[in-house]
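Visitor: Please show me the model, and I will ask what lies behind the terms.

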Amino acid sequence: LEALLDPLLTLMKEFPPEHVLSPHSLIAAHPGMQKWLVRELAIRRGPRGIAANLQIELPSMWLDRLAQRVLGEEAVALRPYRREVLRWRIHECLPRVRDERVTAYLEGDEGNRARRRFQLADRLARIYTQYLVYRPDWLKEWSAGRDGNPPGGFLAPLWKELRQQIGLPHRGELLGRLVEALNDMEQSPLGSEPLHVFGVAHLA
């Protein structure tokens, strides 16, 4: 990261925002890098270790804002798909899952059933939130009732039920629509302001 900092500072100096009061817009790969970058820019650029008028976002936040700008305010309806919300929907659906492994895991003495059910619901919510980022193609197949390749097992029908319950698009669907809309636009919605992307080694 230290090796990338000097080129970033050079670019920020050579390509400032058009308006003097506009912030420098940057994308940082993850929250830890975001905090590191704020600190280093303050040390290197700011008088007395203070740097202001910086807009440093994560890729997901920046993409959400772009989706809202291009697709409308209703485009970002992601809260139902967050892990802490999704796990409770899964918790309610688990008794209806037709899978011997799930049934066997949830069975047992009365004291452990509630704990096991919550732990399994939370674990499945974590898996689905990862799929929302990395495997939206699988989720698309499962939502349509098609078991993908590789097969989803009980995850496929469970996801179909969850998607029908929520009834709102998730990030994978929104980004697909966003790409289609951007391809159809003659002019970029981003304007001419510079955008610096820092330390992104991969992007789902």
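Visitor: What makes one face of strand S3 covered and the other uncovered?
Guide: In S3 (residues 195-198), His196 and Phe198 form the covered face, and Leu195 and Val197 the uncovered one. Side chains in a regular strand alternate between the two faces of the sheet. This is a predicted model, in which local features need pLDDT of at least 70, side-chain atom pairs count only at pLDDT 80 or more, and totals for chains, interfaces and linings use all residues. Residues are numbered from 1 along each chain as its sequence is written, and side-chain values use heavy atoms, with hydrogens and water left out.

Visitor: How do you know that S1 and S3 pair?
Guide: Pairing requires at least two bridges found by DSSP between two strands. S1 (residues 24-28) and S3 are joined by 4 bridges, so they pair, and they run parallel. Ser25, for instance, has Leu195 in S3 as its bridge partner.

Visitor: What counts as a strand or a helix here?
Guide: Both are DSSP runs numbered from the N terminus: H or I of at least four residues for helices, E of at least two for strands. The protein has 9 helices and 3 strands, in the order α-β-α-β-α-α-α-α-α-α-α-β.

Visitor: How does the radius of gyration compare with that of a compact globule?
Guide: The rule, for C-alpha atoms, is 2.2 Å times the number of residues to the power 0.38. For 204 residues a compact globule would be near 17 Å, but the protein has 22 Å. The C-alpha trace spans about 65 × 45 × 30 Å along its principal axes.

How values were computed. Buried means under 20% relative accessible area, exposed over 50%, partly exposed in between (1.4 Å probe, protein chains only).
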